[in-house]
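Here are a few friendly notes to read alongside your model. Please keep the structure open as you go through the points.

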Amino acid sequence: MQLTTAEAGPSAVCLIVAGRLDTPGVDEIEVRFTQAARGSGKHVLVDLQNVSFVSSMGVRMLISTARALHAAQRRMVLFAPQPLVREMLDTVALDQIIPVASDQPAALGLLEG
Amino acid sequence: MSDAALSHLDLELDGQHSGPERVRAEVQRFLGPHGLSERSLYAVELVLEEWLTNTLRHGYDDPAQARIGIHLWLEPDEVLIRFEDDGKAFDPLVEPPPQLPNTLADARPGGLGLLMIRKVASRITHERHSGRNHLTVGISRGA
């Protein structure tokens, strides 16, 4: 798993995740992901375009981080999931609690809306 | 296993020495030449990930003692995976589906693995006999 961080405007950071969000992938990345999200002091966009696989462990990581941000009055928005990943996110109705956008501009729009 | 079975793979996951990643790699190697769709391959990997993780975490007081047999075979329309383990009795078919949250405050991160398996499987059967759990999951090859 790879994780990089980029600025996404004055109020948000973008966490760019690449690889598989399965059990070993989450074990590898979760601490860095959570620290990057919580430590940014901003809203968080998560770029999923290079995530090829998500399991329940990956969903758990996203929910846990989003809850921590929510407690600090900050939001998380996911964007650009691959089609099969999107299907898995829809299976657990993740978009009911964490918005999912098609691309970064749309994700920023959801933050600002 | 029916007469129509075209090909099969037998593996054992040893909780002490080899884990789900080795199983996944072997299954990928086995399925590679068989022309499954991306959706079917994703579903196979998801079932392996979710069931093996669940069994290792909840089926044994000491995961290092786990011995899980994985039997995978191809029928014309399905990939079938049978898991056999000597862990604690567990029938996923009687587990109620999780209550999906409406808000982040309601969200509880666990319990989604079985939901995902049910979503991608074309059929699921479970038996327990001789002190072993036997779970069979079918995944459509045309998915």
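1. Two residues are in contact if their C-beta atoms, placed from the backbone, lie within 7 Å. Among contacts in chain B between residues at least 6 apart in sequence, 66% join residues at least 24 apart.

2. A word on the basis: this is a predicted model, where local features need pLDDT of at least 70, side-chain atom pairs count only at pLDDT 80 or more, and totals for chains, interfaces and linings use all residues. Residues are numbered from 1 along each chain as its sequence is written, while chains are lettered from A and ligands numbered from 1 in the order in which they are written.

3. Chain B holds three helices and five strands, in the order β-α-α-β-β-α-β-β from the N terminus. Helices (H or I, at least four residues) and strands (E, at least two) are DSSP runs, numbered from the N terminus. The C-alpha atoms of chain B fill a box of roughly 45 × 35 × 25 Å along the principal axes.

4. Where the two chains meet, 20 residues come from chain A and 23 residues from chain B. Helices H1 (23-39), H2 (56-71) and H3 (83-91) of chain A each supply at least two residues of the side that touches chain B. H2(A) gives the most, with eight residues.

5. H2(A) has 16 residues and reaches 22 Å from its first C-alpha to its last, close to the 22 Å expected at 1.5 Å a residue (1.5 Å times one less than its number of residues). After H2(A) comes A:Gln73, with a positive phi near 60°.
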